[in-house]
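Hi,

Here is the structure I promised to pass on to you. Have a look at it first, and then read my notes below.

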Amino acid sequence: MSPLSIPVVLIPMFAYLLPAFILFYLAIDVFLRNRQKTEHRLSALIILSYVLLFIEEYIRHMVPIEYSSILVTYWFGNVGVLIPSLGLHFLVKVTKLNQKLPARLYPWIFYLPAILVFLTIFSGENIVNSQEFVQKGLWKVPVFNTSYYSSVFVGCLFIFMYVIILWKAKRYAISNAQISVLRLLIRAVVLVWGWTVVFGFINFDSSLPPHPYIYGGIIWGIFLRRSMIKYDFLSSPYQRFEKLFNINPLMILLLDEQGRIKEANPSAKSLLKVSNNTNFVFHEFIQKENLKEWKAVFYTSLRLERSMEKMELQLDLHTENKVVEVNGDYVVIDQIPHYMLIIRDITLDKLNDEKIRFLAYHDPLTQLSNRRYFKEKIEQVLGETAEKSQFGIVLIDLDHFKYVNDQYGHQIGDEFLQHTAKLLKEIVSSQGVAARLGGDEFIIYIPSIKSYEEANSYARLVWDGLESHPFQKGSLYVPVRASVGMSVSPYHGRDYDALLNHADKAMYEVKNSGRNSYYIQNY
């Protein structure tokens with residue numbers, strides 16, 4: 001190869017193939033970001049169209065000049081016609097202006113110029129590009145005739161339309177991010193327009209490669225790339241998933257086949273005190289009582305490639321324990337089986353559920369069972385033992401409790417009730433049930449009464465247990481005086497209401513006899 005032939009080969013390569021390679025890489029990058037979205041496909045097609053223009057120009061300069069007219073007619077010209085159509089479609093889609101267009105027109109209206117492509121193919125003549133070329137030095141330069149200037153002028157009109165579309169969209173943008181992206185795109189389009197005007201209308205002869213205005217595609221590519229990096233324009237769903245992974249308040253873990261933690265989102269790292277690229281095994285965080293079940297579910301799900309749903313585990317985090325709900329599914333990453341877990345901390349939910357269940361059957365002030373629980377307990381006992389049931393209930397009404405409230409205030413009154421409840425719990429121990437019916441009324445269930453004498457003794461035990469333990473707080477001393485009535489099943493009734501009514505009557509016998517005592521009708 002002679003020294004003169006080296007520039008003939010290398011310069012066109014740098015002038016056309018290098019830009020084509022850069023733009024091709026950008027087109028693939030845009031397309032792969034989201035292959036399903038129209039915006040990504042259109043943007044990739046626009047860039048690939050510029051790639052085709054650069055490749056055509058390289059080939060045109062590698063073949064004899066007589067082929068220039070054919071290449072420009074069937075390749076360069078037709079691709080050049082499609083770029084404005086793709087550009088309009090892309091910008092209208094990106095700016096959401098397509099939502100205002102009639103469905104029967106969108107997107108076909110943008111591709112009306114494609115009629116010229118069909119005319120060119122069938123007629124063999126290109127009316128939008130110069131078909132005359134002359135060799136000037138290294139380059140095969142088009143003759144600047146009416147067809148040439150017409151094509152550049154039409155191209156500038158389309159670019160001006162792009163500016164109008166973007167400017168209008170910027171006026172109605174609702175976020176700073178949208179405004180920033182549109183401002184950057186406007187700047188890009190204005191620069192491309194200026195480049196096309198200067199390098200399209202001015203004849204630089206052999207000083208520059210022919211059709212230098214196509215380098216406007218490089219300008220567009222640079223600004224598009226900048227908007228993608230700086231403002232996440234034409235974003236990838238993977239980037240969105242990565243953000244979701246990072247900001248998700250739920251713990252997300254990726255485990256390998258041995259249960260080792262391969263990846264953890266910030267929430268999981270914070271709670272488990274782990275980092276990526278460690279050998280932590282998730283099984284180590286599970287409490288022993290759950291470990292066997294967890295391993296069985298985990299390895300079975302992994303082997304059968306199935307998901308797990310709403311599995312409750314208790315985690316031992318050294319400084320605290322957590323109750324969590326685990327959902328997971330099988331995934332393959334780099335041809336290796338993994339398991340993805342999404343973990344929700346339900347510790348507070350569990351505590352709240354327990355509190356709700358507790359309050360459903362307990363008095364919040366005294367922590368004793370409430371009326372509902374007591375009634376269900378008695379009805380359960382009656383249902384289980386039927387005719388053989390022989391148990392007692394003791395009804396307690398505090399004497400002069402209103403005086404305690406009025407004299408010392410409701411705070412002391414509440415503490416007085418709590419003191420009484422504590423005494424009743426100690427009297428009942430683990431054999432029976434003590435409950436608060438409401439106000440200053442309490443009731444006790446005694447599971448086994450063998451005789452009247454035993455019942456009478458128990459009633460006295462309750463009364464004496466209160467009488468002998470006054471309420472004291474500092475220098476304050478308040479005796480616990482109560483009227484106690486008792487009934488025994490089945491002698492005083494065979495259902496809850498009858499037994500309660502009989503115990504109530506016995507209690508009022510005490511109140512009518514001067515209060516502060518106990519009574520049970522003989523049977």
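This is a predicted model: local features need pLDDT of at least 70, side-chain atom pairs count only at pLDDT 80 or more; totals for chains, interfaces and linings use all residues.

The largest pocket has a volume of about 700 Å³. It is lined by 33 residues, and those closest to its centre are Tyr 50, Gly 80, Ile 83, Pro 84 and Gly 155. Helices H2 (38–62), H3 (68–94), H5 (146–171), H6 (176–201) and H7 (216–231) each give at least two residues to this lining. You will find no charged residues there: the lining of the largest pocket has 23 nonpolar and 10 polar ones.

The second largest pocket comes to about 590 Å³. Val 94, Thr 95, Lys 96, Gln 178 and Phe 233 are the closest to its centre, out of 24 lining residues. H6 provides the largest share of this lining, with four residues. By class, the lining of the second largest pocket holds 12 nonpolar, five polar and seven charged residues.

Now to the sheet. Five strands make up an open sheet with mixed pairing, in the order E9-E10-E8-E13-E14. Strands E9 (433–438) and E14 (517–520) each have a single partner strand, so one side of each is left without a neighbour in the sheet. From one strand to the next, the twist averages 20 degrees. E13 (482–489) and E14 run parallel and are joined by four bridges, and Gly 485 stands opposite Tyr 519 in E14.

Two helices belong in this picture as well. H14 (410–428) packs on the sheet, touching E8, E9 and E10, and its direction makes about 10 degrees with that of E10. H15 (452–467) lies across E8, E10, E13 and E14, and runs at about 160 degrees to E14.

Best wishes

Note on methods
Residues are numbered from 1 along each chain as its sequence is written. Side-chain values use heavy atoms; hydrogens and water are left out. On a 1 Å grid over the protein atoms alone, a cavity is a set of points where a 1.4 Å probe fits but cannot get out, and a pocket is an open set with protein on both sides within 12 Å along at least five of seven lines; lining residues have an atom within 4 Å of a point. Grid points are joined across faces, edges and corners, and a volume is the space filled by probe spheres set on the points. Ala, Val, Leu, Ile, Met, Phe, Trp, Tyr, Cys and Pro count as nonpolar, Asp, Glu, Lys and Arg as charged, and the others, Gly among them, as polar. Two strands pair if DSSP finds at least two bridges between them. Axes are lines fitted to C-alpha atoms, for helices over the stretch in contact, and angles run from 0 to 180 degrees between N-to-C directions. Contact means heavy atoms within 4.5 Å.
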